[in-house]
Amino acid sequence: MEDCAQHLGHCMVDMRELSATPEGLTAAGAVLTSKLPQVEFSLACTDLVAPGRDRKPNALVQVAVIDPHKQQLVSQLCTEIVEANKDPLFLTGVTFPSEYPASPETLVKLSVYDSKDKSQESSCFLGSATFSISDLLRAKDEHLTLSLRSADGVCAAGTVVVSRLTMGEMEEVDVDHIAADKPSHKCPLVCESASHPCLDRENNPLSGPVFKNPVCKVYRFQTVDNKWMLVREQMEECTLSFSIPKQLLSLYIQEDMSRVQDLRELGELSPHWDNLRKEVMTRYGGIISSYQETLAELDKITGRSFKPSCCKAQKSLEFIPINLHTQRMRVTCPRKTDAFYDIVTVGAPAAHFQGFKGGGLQRLLSRYEAEKKSFSTAYQCIYYSPEHTAKAQEVLSTMSLLQPLIASLADQLLQAAQERSSPGLRDTLKSLCDKTEQFVHTLKDEMVKSALLALHTARPGYVSKSQKQTAVAGEQQQQQGHSPGGCEQSQGPAQGLPGHSPTAVAATDGTAVCNNVGSSQTTPRSEGAQLKHQDSIPHHNEYDEEEWDRVWASVAKCLNCVIAMVDKLQEGDPGKQEPVPEQQLADVITSHNPGDWREHLRPLVTKLKECVMEVGEKAKRAMTFILLQEAACSIPQGFPLQQRRDVVFSQALAALACGFVMKLYAGMQDKGFLKQLHLVGLVAQFESLLSTYSEEVGMLEDMEVGISDLHRVVFQITEAKTDEFGDLQPLVCGRRDHFTVEVPLPRLVFQSLPEEIKEGKPLRVFPVLFNVGINEQQTIAERFGDISLQERINQKNFEMLEAYYKLLSEKVPTECLPCFQSQTDIKELLETLGQNVVTKKRKNVEILWTAGTICRRLNGIRFTSCKSAKDRTSMSVTLEQCALLRDEHQLSKDFFIRALDCMRREGCRIENVQKNIRCRKYAFNMLQLMAFPKCYRPPEGTYGKVDS
């Protein structure tokens, strides 16, 4: 009996779907064919005889699947307990594990027990029966009624009824095999999706690459009018748990190595600044080395798709999200298409390895910014705010994109001239003008000029102006609201950039523009002139503040020269000033030798490219110097904070990418969803159940920053090179200030998308976070502590959700949103949420319920988190599923608690607990549960003291 007890509580296990797909059903445009009939069945008993004649049995059925060839047990599972009933009807059904799909020869042994307590630790055997799958398939109406035999094989202990279940569309299908009366109820259609969630993993091009190791559970629940609905839960792991963090680590390493190289290329600096540069480079080297070690450790891990909660503080896995899983509930009613409800569960993105003694990111960053000004004085640097630092990173990122693009377009312009193609010249020139104007606009920023002056003062031997002049200049800049233009403590005259003498630079600058601007390079500076925008570090003892304006303006002048030459080429002879009549253009073109156009343009195009390169290099040095000063001020704690932020963001992005891909796959044929996706984007609603007490305050502070940082992420849909799984994995590119996640799709699927998406339009996601603590620690926080963090988060994110709905209402018709049975208007739901957010009420979980409802109504992506996404998360997910069955599918009130307990005791979430800690117990004790809202308490016998 001990062996039996070990397996009690296993309602169902993994199932490879073999033919749940109705004829003609497609997934994202790919027609899927079935292999073998899928067999799932429900169980009921009649006339059970309990050992004690004075009581009715608490019945459960243990199901053993026997390999007919090896004659050995291959799987063991069981139903829930039905208390005090000699004719029990079990809500949980039976399906087969993916590694042992059903065949006609498969034998099933049913053993019925009388459970003496809800913990299922002691049970009494009542009787058993055995049948084969072929028996069930051949039976009339696919029903089997089997006699239960006692242990001695003589006495009858009652009967067991086996009824085959059918998932999928059920139009005009007789389902009286799952109920005594013939159902005629039509279930309301909710969130209809053309793609099937439980398809054969080998055939479905949009599942296998990302989602794997499914765990399936199936139930039957009664509706208010005594009809039956079939419900399937399917939980899966996601390969993005590891692939996204590994890609991010590679990008972090690449970005930091590039930063080190930029610091090396700053040129000669005064001893003070050179020492700071060396220290900053050493710090970057430490981060790079640490990330390389972590990446090497992750590369050693194969075949694993999730991080168990017991590993949350493991150093080598700190970038991996905790217990990331997807869960889909599929509801089937007679004569209605299936409804799907998706959710992603993940442990709160937080730096568990680094700990929470000093708080989380939100608190640490606030403290760090407050202290950085004093560090800037100690290190003799200019203080740059986070906005200035972000602006410098943006300038660097933009230049790195535009510079090669301008060079490429310039070459294309010469190629068009070589081919004497007027349309080619016009189109390429237009693109070249657009990109060059963007380039110049990026550099026309006062911060670039002030950074150039600061860098100039940091050169060895810089001779500063008189204190009076310095003070006047400082006052003027402060009045203009800009960063200080220099560093008074630095020394050294400018001696020019490495490899250039002052005369050489002047000569280069003079030849990099049109002839009519060459003399401007030697124009004396006017000290009182207004500062404009662009880059050039002069190499005189005193800095010419107008030099930068002249140099960036030279880019525009070079472009004007190119435009003028193209116009002349298209008008006629380049030497003529008068326009040539349009009808003579063809004669003019043929009058030139093939190489003439190219030869006329080549010197001007070359000058433009050289000028862009020169300006770009100088602006790059200026921005790098800003980042050097910011990094120098950050040395005490900034670098550890950046590492913490990298860790938290990695976990958050992996979860977001998982949810986005799941939502995309499900909505591939929903035109309204695709329209919403490219016109506005999707809301990603994170529900958190963390308390605002002790360590979980730090976790929530980490999570808040990690979720907020997801605003820097956009998605793009691309066409996969092949349909191989490796080519269908999402890819991440970019740098810390902006990341793009590319989601490849098979060619046929990609071709069916709207043009805007196929053209690579960035797809936005709007992350929002709502938190309500529900455990005993939250009780302490509410009575004796501080819950202002939770209140601020909920208020701020309510405003963001409200702003998203306003934007959505302006751009997307309401018919694009999913239809729900509930008639409550979204505006009313938002008003209710707003009222709940400001209401002083303990453990106001209505905030979470309303926010979740709004998210689903807005076609959003739902996430639920607690510390490990195992215990409190399981209570929330099962409650939400049963609430959806009640509100959208008329689940009978009498069945609500039974359904809730059934899912918590035998469903996917208890399997999740088993996967994480190898124990089928939620990590709660009775004292803790007394503090929980009643609807978040698990059934008796499913919780206890365990290591989580």
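Begin with helices α16 and α20, whose crossing is left-handed. This is a predicted model. Select residues 695-709 for α16 and residues 788-811 for α20. The two helices pack at an angle of about 20°, and their axes lie 11 Å apart. Angles under 35 degrees count as roughly parallel, and α16 and α20 are therefore roughly parallel to each other.

Now show the side chains at this contact. From α16, pick Val-697, Leu-700, Glu-701 and Glu-704. From α20, pick Leu-789, Arg-792, Ile-793 and Lys-796.

**Next stop: another helix pair**

Select residues 872-889, which form helix α23, and residues 893-906, which form helix α24. Their axes come within 9 Å and cross at roughly 145°. What is the hand of the crossing of α23 and α24? It is right-handed.

Colour the residues that meet here. On the α23 side they are Met-875, Thr-878, Leu-879, Gln-881, Cys-882, Ala-883, Leu-885 and Arg-886. On the α24 side, look for Phe-896, Ala-899, Leu-900, Met-903 and Arg-904.

**Into the cores**

In soluble globular proteins, nonpolar side chains tend to be buried together. The largest nonpolar core in this chain has 99 residues. Select Phe-660, Phe-715 and Ile-717, the residues with the most contacts inside that core.

Leaving aside residues up to four places away in sequence, Phe-660 touches Leu-677, Leu-682, Phe-715, Ile-717, Val-743, Leu-763, Val-765 and Ile-861.

Move on to a second, separate core of 62 residues. Among its members are Tyr-804, Leu-808, Cys-816 and Leu-817.

**A loop residue**

Select Thr-79. It sits in the loop between β5 (72-78) and β6 (107-115). Is Thr-79 buried or exposed? Buried means under 20% relative accessible area, and Thr-79 has 1%, so it is buried.

Which residues does Thr-79 touch, not counting those up to four places away in sequence? They are Leu-43, Leu-60, Val-61, Phe-90, Thr-92 and Glu-906.

**Zoom out**

Show the whole chain. It has 26 helices and 19 strands. Of its 948 residues, 58% count as buried. Among contacts with a separation of 6 or more, 77% are between residues 24 or more positions apart. Finish with the surface: the chain exposes about 38700 Å², and carbon and sulfur atoms supply 50% of that area.

Notes
Residues numbered from 1 in each chain as written. Predicted model: local features only at pLDDT ≥ 70, side-chain atom pairs only at ≥ 80, totals over all residues. Heavy atoms only, no water. Core = buried A, V, L, I, M, F, W, Y, C linked by side-chain atoms within 4.5 Å. Buried < 20%, exposed > 50% of the residue type's maximum accessible area, 1.4 Å probe, protein only. Contact = heavy atoms within 4.5 Å. Helix = DSSP H or I, 4+ residues; strand = E, 2+ residues; numbered from the N terminus. Areas by Shrake-Rupley, 256 points an atom, 1.4 Å probe, with all protein chains shown as cover. Axes fitted to C-alpha atoms, helices over the stretch in contact; angles between N-to-C directions. Parallel < 35°, antiparallel > 145°, perpendicular 65-115°, else oblique. Left-handed = near helix turned anticlockwise from the far one by under 90°.
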